[in-house]
Amino acid sequence: DQGWLAWIAFVPLFLFVFNTRTSLRAFWAGFAAGAVQLFVLLIWMPSVLETYGVLSQALAWFAYGLVIILLACYPGAACAITKLLMKRCGNSSLLLLPMIWVCSEYAQSVSPFGGFPWLLTGYSQTRYPAIIQVADITGVYGISFLVIWTNAAIAWICLHRNRTLRIYGPMIAAVGLAAGCAIYGRISLRNWEGIRPQFQAAMLQANLDIEEPEEVLSEKLTSGYVRMADGLEPGQIDLLILPESPAPVSFQCDPAYRRVLEDLARRYQLGLVFNNVNYGEVEGKERYYNSAFFLDRNGAVAGVYDKIHLVPFGEYIPAKSIFSFAETITEVVGEFSPGENYRIVKMQDHTANAIICFEAVFPALVRRFVQKGSQLIINLTNDRWCGDSSAPYQHLVIARWRAIENRRYLLRATNSGITAVIEPTGRIQSSTGLLQEAVCRGRFEFLPGQTAYARYGDVFVFLCAIITAVVWLRESRGFFKLRRK
């Protein structure tokens with residue numbers, strides 16, 4: 001939460017990149033910085049792997065180490081590429097590092113195994129709402145660029161002893177960009193905070209634990225949710241949402257459980273949204289999907305969304321012919337199939353979509369639903385795996401940005417916390433605590449229209465990539481001409 005520190009934290013790294021002689025040493029500097037940062041931020045991982053993956057302590061830490069090594073390669077590559085450009089194009093190429101850094105963060109969001117963009121640089125500014133509203137144009141990557149550019153500008157000043165006005169150009173640009181973001185943010189906050197939502201949602205946080213006996217979980221999934229729903233004021237709630245949670249009972253195959261959920265849906269004018277395993281058959285083979293079910297006010301199924309972006313080594317094994325050994329060392333790997341349809345569901349005269357758990361960390365995935373016409377984002381998740389750690393708080397921070405980028409209300413229903421109603425400005429309207437049974441109520445609205453980010457996506461990232469590539473190609477052509485001579 002120390003967002004102010006991000007504006008200076010990268011300066012030592014950039015000074016080292018400038019002064020080191022080789023691209024390899026620049027890579028190892030970026031790698032070391034990234035590894036330290038990631039090791040601290042993701043320190044909750046080993047206990048998850050040990051507790052729920054049933055790995056030995058040594059194997060859990062070994063797997064954690066591999067994750068850190070892999071992810072640290074991205075900042076390492078950004079520093080190495082920058083140094084290579086500096087050697088070919090001159091020292092001023094240090095100012096290309098913010099663009100290269102943004103491209104490396106984007107690469108981290110798509111690879112490997114679908115990506116793991118857990119805490120990008122821009123997320124550090126979540127506590128400063130006026131600065132981050134520009135994300136509805138640039139996505140989180142625009143704020144990453146602003147922070148990294150400011151660090152590069154400070155480093156640029158430190159590296160030049162002749163205090164001519166020219167060396168302050170990058171810092172003047174940084175101040176101008178930050179001021180522009182703040183002004184845009186103030187205007188945006190004023191506009192979006194004027195919404196008066198007319199609907200009210202309730203999200204039930206039952207705090208189910210996968211380690212509980214199956215009969216206990218079954219009871220909590222049926223009579224437990226009904227008991228919690230009975231505590232709501234009659235006629236006050238328009239939509240009821242149940243989170244992603246361990247479910248030993250099947251909506252499709254268990255008539256008693258299906259009747260319970262259908263009866264719950266009939267209490268609310270917009271029905272019920274809940275998570276369950278969806279069974280289907282593709283080319284004669286049975287498939288299992290991690291799915292969100294939408295029931296309308298009559299208890300009928302209005303739509304089903306099958307989770308598209310599965311958790312690698314959690315819900316499936318990527319490149320199974322290579323990593324099949326994972327099945328022998330952990331019990332946590334599922335055999336889910338990915339969905340293929342960005343499902344938009346009608347809720348009376350409105351539209352909504354669901355994203356499930358880990359999907360909230362992928363800006364490009366979430367915006368596809370809004371681009372297709374969704375007016376409300378519903379996030380069903382289960383952070384019980386992470387226990388009492390920083391992970392649920394980090395996950396909530398990331399989800400808030402999806403609301404800003406798309407200017408939608410985001411209703412976040414979690415099994416164990418933190419359940420929250422997030423407004424289009426990223427502000428948390430209401431929320432629950434962690435690892436407790438609770439009900440989260442809040443007001444929301446279906447919002448039409450599309451932001452620049454929802455409509456055009458990561459154009460800002462591609463622009464950074466194009467500028468970097470143009471400089472590289474221009475200088476490379478000159479380099480090869482020199483070699484021929």
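**Serine 389 and helix H16**

Reader: In the loop between which strand and which helix does serine 389 lie?
Author: This is a predicted model, where local features need pLDDT of at least 70 and side-chain atom pairs count only at pLDDT 80 or more, while totals for chains, interfaces and linings use all residues. Residues are numbered from 1 along each chain as its sequence is written, and side-chain values use heavy atoms, leaving out hydrogens and water. Helices (H or I, at least four residues) and strands (E, at least two) are DSSP runs, numbered from the N terminus. The loop with serine 389 lies between strand E8 (377-381) and helix H16 (391-406).

Reader: Is serine 389 buried or exposed?
Author: Buried means under 20% relative accessible area, exposed over 50%, and partly exposed in between (1.4 Å probe, protein chains only). Serine 389 has a relative accessibility of 15%, so it counts as buried.

Reader: Which residues is serine 389 in contact with, leaving aside its neighbours within four places in sequence?
Author: Contact means heavy atoms within 4.5 Å. With those neighbours left aside, serine 389 is in contact with Trp44 and Leu434.

Reader: How many of the 16 residues of H16 are buried?
Author: H16 is largely enclosed by the rest of the structure, because its count of buried residues is 15 of the 16.
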